[in-house]
Amino acid sequence: MDRLKNTVRPYAWGSTTAIPHLLGVEPTGEPQAEMWMGAHPGAPSRTARGPLTEVIDAAPERELGDRTVAKFGPRLPFLLKILAAGAPLSLQVHPDLHQAREGYEDEERRGIPVDAGHRNYKDANHKPELICALTEFDGLCGFRDPSQAADLLAGLDIDSLKPYVDLLHAHPEEAALREVLTAVLSADPGQMAETVHETAAACERLGGAYAPYADIAHHYPGDPGVIAAMLLNHVRLQPGEALFLGAGVPHAYLNGLGVEIMANSDNVLRCGLTPKHVDIPELLRIVRFEAGDPGVLRPEASPDGEEVYETPIDEFRLSRYVLPEGSAAHDLTRATPQILLCTAGSVQAGEHPLRPGESVFVPAGEKAQVSGAGTVFRATVVA
């Protein structure tokens with residue numbers, strides 16, 4: 001197996017302290033948002049054999065296994081991250097596989113450069129995600145029931161929000177959510193900025209259930225995404241709890257440290273809380289206007305001590321081992337590629353001692369054992 005050296009991405013919303021604290025190093029004062037583990041071409045992990053992209057390209061069947069290559073092609077299908085949100089991320093959705101392929105082919109045909117600011121589809125893949133909390137973690141996930149969203153907006157007692165309240169009460173669920181989101185994102189920017197200013201002041205005054213939106217407005221003053229965010233479920237994960245984010249589900253991470261895994265894609269359509277391009281027609285085509293419980297996941301334990309976060313897709317499978325002091329070694333040998341990440345304590349992965357934030361890549365079929373006292377996340381595929 002290969003010890004990984006991983007890149008930390010300094011996005012502006014990143015915490016300045018969470019990742020350094022996990023790694024046991026001094027903060028630099030700069031935001032450190034995500035640490036990437038995998039073979040994404042934008043920031044591949046490095047090994048003693050070279051960048052993981054080149055290691056896999058040189059012998060995909062050996063590194064990934066025949067079944068993985070047959071199912072997903074000669075690439076690692078997932079990207080594993082440590083994510084540290086110190087401020088809200090953009091409100092966003094991801095396409096399903098058919099939509100991604102269709103959108104990518106259309107933009108290629110129209111000659112839109114992949115790095116263009118108004119490009120929606122960077123690749124032809126979907127991007128389901130799973131976020132597992134390492135600390136208390138706040139996020140937004142999926143639409144509230146329209147009547148609950150109406151009550152939340154009505155409680156602010158702001159005249160410019162009353163038409164949205166009426167719409168949410170007057171229509172069937174899907175139509176109500178679609179009409180209100182469309183109206184919010186299409187409103188006159190100056191008038192919407194004033195509405196968001198009033199909303200922020202009211203949320204600050206009321207606190208309680210409104211407190212998250214006051215904080216969002218503090219980071220994104222005047223952004224229509226502040227109102228859009230109030231249509232969504234607010235979720236607070238406790239350590240070890242997770243959220244699965246499928247295609248078309250609007251979401252945003254607000255604050256906290258977690259382990260994130262996703263299909264290897266960069267396809268994002270933004271709804272707000274961002275200075276970047278918002279393609280309203282394409283966004284409305286992708287969003288699933290379905291209200292419901294966000295579905296907090298808790299791991300399902302197996303007899304060998306593996307705790308699995310069950311999801312309905314095959315590009316990734318995330319689980320963890322919580323190893324008590326003096327426990328026997330666990331055999332993790334598997335016919336698919338793996339990344340093992342330590343997040344607490346001190347563990348031994350094969351010949352590699354791992355401290356929090358350290359990881360290894362395990363080629364398909366290579367013998368892998370973990371022991372020690374700590375927590376190890378295991379990322380692999382279903383093939």
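Modeller: We may begin with V382, which is found in the segment after β21 (369-380). The model is a predicted one, in which local features need pLDDT of at least 70, side-chain atom pairs count only at pLDDT 80 or more, and totals for chains, interfaces and linings use all residues. Residues are numbered from 1 along each chain as its sequence is written, and side-chain values use heavy atoms, with hydrogens and water left out.

Biologist: Why is V382 called partly exposed?

Modeller: Its relative accessibility is 32%. Buried means under 20% relative accessible area, exposed means over 50%, and partly exposed is in between, with a 1.4 Å probe and protein chains only. V382 therefore counts as partly exposed.

Biologist: Which residues is V382 in contact with, leaving aside its neighbours within four places in sequence?

Modeller: They are K71, F72, I313, D314 and R317, where contact means heavy atoms within 4.5 Å. R317 is 65 residues from V382 in sequence, and the C-alpha atoms of the two are 6.5 Å apart in space.

Biologist: What makes G374 a buried residue?

Modeller: G374 has 9% relative accessibility and therefore counts as buried. This glycine lies in strand β21; helices (H or I, at least four residues) and strands (E, at least two) are DSSP runs, numbered from the N terminus. Beyond the neighbours within four places, G374 is in contact with Y321, V322, L323, A344, G345, S346 and V347. From G374 to V347 there are 27 residues in sequence and 6.0 Å in space, C-alpha to C-alpha.

Biologist: How do you know that α6 and α7 are roughly antiparallel?

Modeller: Two packed helices are described by the angle between their axes and the distance between the axes. For α6 and α7 the angle is about 160 degrees and the axes are 8 Å apart. Axes are lines fitted to C-alpha atoms, for helices over the stretch in contact, and angles run from 0 to 180 degrees between N-to-C directions. Angles under 35 degrees count as roughly parallel, over 145 as roughly antiparallel, 65 to 115 as roughly perpendicular and the rest as oblique. The pair is therefore roughly antiparallel.

Biologist: Which residues of α6 and α7 meet, and what is their make-up by class?

Modeller: P146, S147, A149, A150, D151, L153 and A154 of α6 meet Y164, V165, L168 and H169 of α7. By class, this contact has eight nonpolar, two polar and one charged residues. Ala, Val, Leu, Ile, Met, Phe, Trp, Tyr, Cys and Pro count as nonpolar, Asp, Glu, Lys and Arg as charged, and the others, Gly among them, as polar.

Biologist: What makes α7 and α8 roughly antiparallel?

Modeller: Helix α7 (residues 162-170) and helix α8 (residues 173-186) pack at an angle of about 160 degrees, with 8 Å between their axes. That makes α7 roughly antiparallel to α8. Y164, L167 and L168 of α7 make the contact with A176, L177, E179, V180, A183 and V184 of α8. By class, the residues are eight nonpolar, no polar and one charged.

Biologist: How do you know that the span of α9 is close to the expected one?

Modeller: Helix α9 (residues 189-206) has 18 residues and reaches 25 Å from its first C-alpha to its last. The buried residues of α9 are M192, T195, V196, T199, A200, A202 and C203; their cover includes α7, α8, α10 (211-219) and α11 (225-229).

Biologist: Why is A228 called buried?

Modeller: A228, in helix α11, has a relative accessible area of 2% and is therefore buried. Apart from its neighbours within four places, A228 is in contact with L91, L181 and V184.

Definitions and conventions
The expected span of a helix is 1.5 Å times one less than its number of residues.
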